[in-house]
Amino acid sequence: MKDSRINIDLVQRNANRGDRERTLGLFDLSILGIGAIIGTGILVLTGIVAATDAGPGVAISFVIAAVASCMIGLCYSELTTSIPNSGSAYVYAWVAIGQRIAFLAGWTLIGVYITTTATVANGWTGYVKSFFKEIGVTLPHALLASPFDGGLINLPALIMICLMTFVLTRGTSESKWINNVMVIVKLAVICLFIVMSITSVQASNWRPFLPYGIQGVFTGAATVFFTFLGFDALATSAEEVKNVKKNLPRAIILSLIVSTTLYVIVSLIMTGVVHYTELNVPESMAYVLISQGHHLSAQLVSVGAILGITAVVYAFVYAASNITMAMSRGGFLPKKISVINVKTKSPNRALWLIGGVAATLAGFINIKHLAVIANVGSLSVFFLISLIVIILRHRQPDLKRPFKLPFGDTIPIFSMLICGFLLLNTPLHAWIIYTAWLLIGFIVYLLYSRKHVDIEQREEQETLTAENQVV
């Protein structure tokens, strides 16, 4: 049987071809990671998970998810520094296991990013509506909701995704500063919330601390886990990173530390100021401020939420387009998708493909239930990432690893166990939707990918072999 794994030398050569400009430093990467991680979770999910799953113990839920993410982030660091390619799990799986698993990994990530982007954009519309209502402007419902929700189109969400996609097509050297500003503003309003609310914390609101028991804490951890997906966006940026072997692992760990710290602080303050039973609202941070009479601060937080969620959309469209480009370059998707714009050095066709699909979903379809594949999909990919670290160590023992996990295979094994445990705490309907997405991908693979990838891989391999013989 033919080996379906790709030659690792070919992957590294593709990553070093220089088609894309290396413009991202440690600060830019850290801001990108923080911007992707701190968004929907801290602005929307914190209160909802506290009210419905974990109570004040939501802080522990975030810590559990963060510990798992830190282990996975370390696994990513070893892989990204060894194979600095924008394909993330898709490329790692192709090198370590084979093309079928590689396709499913890439397909999963694309689905996770697209549905998360569309879902986040819908939440963004809610903040826009709330902000305009506060200043006395009522927007028509028909333009704020999809046909499935009694409207005509969710126009703000559609426009915002298209705008962020356009910004990305201008190239990372021009668009990164816009993202940096949005994330800094978001961090500023979160700090404003902390300063304005911390003196109003009452310990009595933390009792009982675990009203739903330990099971509720783990259910909450499984629910919020996808909010840490942002560090995968860093892995997909490998081909545009300056000094990738040092900056990438540092940025992954730094963004996780900053994000987790803020998640824990905000969740404790929220549940300390307002009883957890009152927090089942999407604008929980603004709700807490209004309950204290801080209306101006609540408006500022709403503005920060609008910018902050925009930064999440920016990061996820960017990451999904990178994976799409990598899969196109490998022949799993049409080659034309991976063409790099000569002027901006960005994969504009991949960007508009991802942005267009996400904008359509956000504008015309009720995708609340579709978003659950983000949790199952991300946990499945992270389990695979941890497994790939172990497989590559055995199959490629001589591979140069600028960053290598300590303690042998202990961390990858623990990472796999945590992901498996959280997957067991994921609702059945999430598995059903994720399975349906995989079936669609399998059809794409059978009808297109397998007929193209073998031929193109063979041609590339023969070229590489010839070049090595000349050398």
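**Exercise 1. Placing Y92**

In which helix does Y92 lie? State also whether Y92 is buried or exposed.

*Solution.* The structure is a predicted model, in which local features need pLDDT of at least 70 and side-chain atom pairs count only at pLDDT 80 or more, while totals for chains, interfaces and linings use all residues. Residues are numbered from 1 along each chain as its sequence is written, and side-chain values use heavy atoms, with hydrogens and water left out.

Step 1. Y92 lies in helix α5. Helices are DSSP runs of H or I with at least four residues, strands are runs of E with at least two, and both are numbered from the N terminus. The protein has 17 helices and 0 strands.

Step 2. The relative accessible area of Y92 is 0%, so Y92 is buried. Here buried means under 20% relative accessible area, exposed means over 50%, and partly exposed lies in between (1.4 Å probe, protein chains only). Of the 471 residues of the protein, 58% count as buried.

Step 3. Y92 and I6 stand 86 residues apart in sequence, and their C-alpha atoms are 9.7 Å apart in space.

**Exercise 2. Two partners of α7**

*Solution.* Step 1. Helix α7 (residues 155–169) packs with α13 at an angle of about 60°, their axes being 9 Å apart. The two helices are therefore oblique to each other.

Step 1. The crossing of α7 past α13 is right-handed. A crossing is right-handed if the near helix is turned clockwise from the far one by less than a right angle, and left-handed if anticlockwise.

Step 2. M160, I161, M164, T165, V167 and L168 in α7 meet T310, V313, Y314, V317 and Y318 in α13. These residues divide into 9 nonpolar, 2 polar and no charged.

Step 3. With helix α14 (residues 348–364), the axis of α7 comes within 8 Å and crosses at roughly 170°. Hence α7 and α14 are roughly antiparallel to each other.

Step 4. The residues of α7 in this contact include I161, T165 and L168, and those of α14 include L351, W352 and G355. By class, the contact has 12 nonpolar, 5 polar and no charged residues.

**Exercise 3. The nonpolar core**

How many residues has the largest nonpolar core, and which helix gives the most to it?

*Solution.* Step 1. The largest nonpolar core has 140 residues, and I42, F193 and M285 have the most contacts inside it. Such a core is a set of buried Ala, Val, Leu, Ile, Met, Phe, Trp, Tyr and Cys residues joined through side-chain atoms within 4.5 Å.

Step 1. Helix α13 (residues 295–329) gives the most to this core, with 19 residues.

Step 2. M285 is one of the buried residues in helix α12 (residues 284–291). Its neighbours within four places in sequence aside, M285 touches I42, L43, I190, F193, V266, M270 and V301.

**Exercise 4. Backbone details in loops**

*Solution.* Step 1. P208 is in the loop between α8 (172–197) and α9 (213–224). A cis peptide bond joins R207 to P208, with omega about -5°.

Step 1. F407 is in the loop between α15 (373–395) and α16 (410–424). The phi of F407 is near 65°, a positive value in a residue other than glycine.

Step 2. The relative accessible area of F407 is 65%, so F407 is exposed.

Terms used
Contact means heavy atoms within 4.5 Å. Axes are lines fitted to C-alpha atoms, for helices over the stretch in contact, and angles run from 0 to 180 degrees between N-to-C directions. Angles under 35 degrees count as roughly parallel, over 145 as roughly antiparallel, 65 to 115 as roughly perpendicular and the rest as oblique. Ala, Val, Leu, Ile, Met, Phe, Trp, Tyr, Cys and Pro count as nonpolar, Asp, Glu, Lys and Arg as charged, and the others, Gly among them, as polar.
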